[in-house]
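Biologist: Please show me the protein. I would like to ask about its charged pairs and one of its helices.

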Amino acid sequence: MSAALRPVPRPGVLAIEAYVPGKSAAPAGVKLHKLSSNENPMGPSPAAIAAMQETAGHLELYPDGSATKLRQAIAQKYGLDPERIVCGAGSDELLSLLTYAYMGPGDEGVYSQYGFLVYRIAILAAGGTPVVVPERDHTADVDAILAAVTDKTRIVYLANPNNPTGTYLQFDEVRRLHAGLPKSVLLVLDAAYAEYVRRNDYAAGLELVSESENVVMTRTFSKAYGLAALRIGWMVAPAAIVDAVNRIRGPFNLGAAAITAGAAAMADDAHIAAAVAHNDAWLPKVTQALEGLGLTVTPSVGNFVLIHFPEEAGRTAADADAYLTARGMILRRVAAYGLPNALRLTIGAAESNEALVAALTAFMKGEPRG
């Protein structure tokens, strides 16, 4: 009999640092500008809202366990086989399911230095070992990733574009990464911010998935589609990988509202185009304004920027965070990513962007919080 006084989690679980979402509240009496979670400032498609409301009178019914309507909408949009698509409660769930399906004790999962925190959590939860690869200029380094692959490697995760840095790998580099991996290693392309990228040398990964047996691409409705509250993600993968994930996926992992709203949102091209156009207009404006204040901003292709602050008393990221919070500006601390002196800023509505620049201007001038 065990001498333990209570059930003990298996090794690795207590090594996990729980994911801490961005702040979402401002001090009382101050207008909130939530710029911490890379949400779409234009909100969801009206078509998605209407579709979700149609489910309200049928809450006693289980949803379609295969999310057929949603998978068909995605397949139609991208010219895919719906049988190669799996939907989940955010891409987070799909990343975890892939890890549980292909990794166990003694196995290794490889990701870059500033990669999404969920990779580490999923690897440890599966009993595996995280292998963190240094980046170059806050960008994933293909040669360093390949050098880290061993006979214990089961999955390589690549956030492209990456959160929280906003950097990306050219598709030729992604192809080079894939070509250098053993066929037994799964390459997971996390393309949560793909809709925002406006670079001719970028591709989210659909073509690579279609011609490979060891590549998966994950996407989300939480960012450009403005449906973060419904937690909708999807992945496209080879048939064998889809089969493995569906064997461990919960039978009703997406609610009916998520399925119907997601399908409607996927068909509303005009809403996505407007959201992307807003980002195209404001991303360079905000970047230039912040650089004009003497701050360093990592070049971003997403709907957010990573701002680096001076390492001097009164000017640090922690100082800026406190100053901005007092004025209702909620940004994302990224110390958990190993970036203690940086803040991540979501490109918000025009009013929020202008207010943020004004507040940071006052901060850099040393003006009181007010």
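**Charged pairs and a helix**

Modeller: Asp-269 and Lys-77 form a salt bridge, with their closest N and O atoms 2.5 Å apart. A salt bridge means a side-chain nitrogen of Lys or Arg within 4 Å of a carboxyl oxygen of Asp or Glu. This is a predicted model: local features need pLDDT of at least 70, side-chain atom pairs count only at pLDDT 80 or more, and totals for chains, interfaces and linings use all residues. Residues are numbered from 1 along each chain as its sequence is written, and side-chain values use heavy atoms, with hydrogens and water left out.

Biologist: How many residues apart in sequence are the parts that Asp-269 and Lys-77 tie together?

Modeller: Helices (H or I, at least four residues) and strands (E, at least two) are DSSP runs, numbered from the N terminus. Asp-269 lies in helix H10 (residues 269-292), and Lys-77 lies in helix H2 (residues 68-78). So the pair ties together parts whose separation in sequence is 192 residues.

Biologist: Is Asp-269 buried, partly exposed or exposed?

Modeller: Buried means under 20% relative accessible area, exposed means over 50%, and partly exposed is in between (1.4 Å probe, protein chains only). Asp-269 has 45% relative accessibility, so the residue counts as partly exposed.

Biologist: Which residue meets Arg-175 in a salt bridge?

Modeller: Arg-175 sits in helix H6 (residues 171-180). Its partner is in the loop between helix H7 (206-210) and strand E7 (215-220), 36 residues apart from Arg-175. The N to O distance is 2.5 Å, and the partner is Glu-211.

Biologist: Where does Asp-280, the partner of Arg-198, lie?

Modeller: Arg-198 and Asp-280 form a salt bridge, their closest N and O atoms being 3.9 Å apart. Arg-198 lies in the loop between strand E6 (186-190) and H7. The pair ties together parts 82 residues apart in sequence, because Asp-280 lies in helix H10.

Biologist: How many salt bridges does a search of the whole structure find?

Modeller: Some salt bridges share partners, and these join Asp-143, Glu-173 and Arg-176 into one network. The search of the whole structure gives a total of 13.

Biologist: Why is helix H4 largely enclosed by the rest of the structure?

Modeller: Helix H4 covers residues 117-125. Its buried residues include Leu-117, Tyr-119 and Ile-123. They pack against helix H3 (90-102) and strand E3 (108-112), among others. H4 is largely enclosed because its buried residues number seven of the nine.

Biologist: Which residue with a positive phi follows H4?

Modeller: The phi angle is near 90°. The residue is Gly-127.

Notes. Contact means heavy atoms within 4.5 Å.
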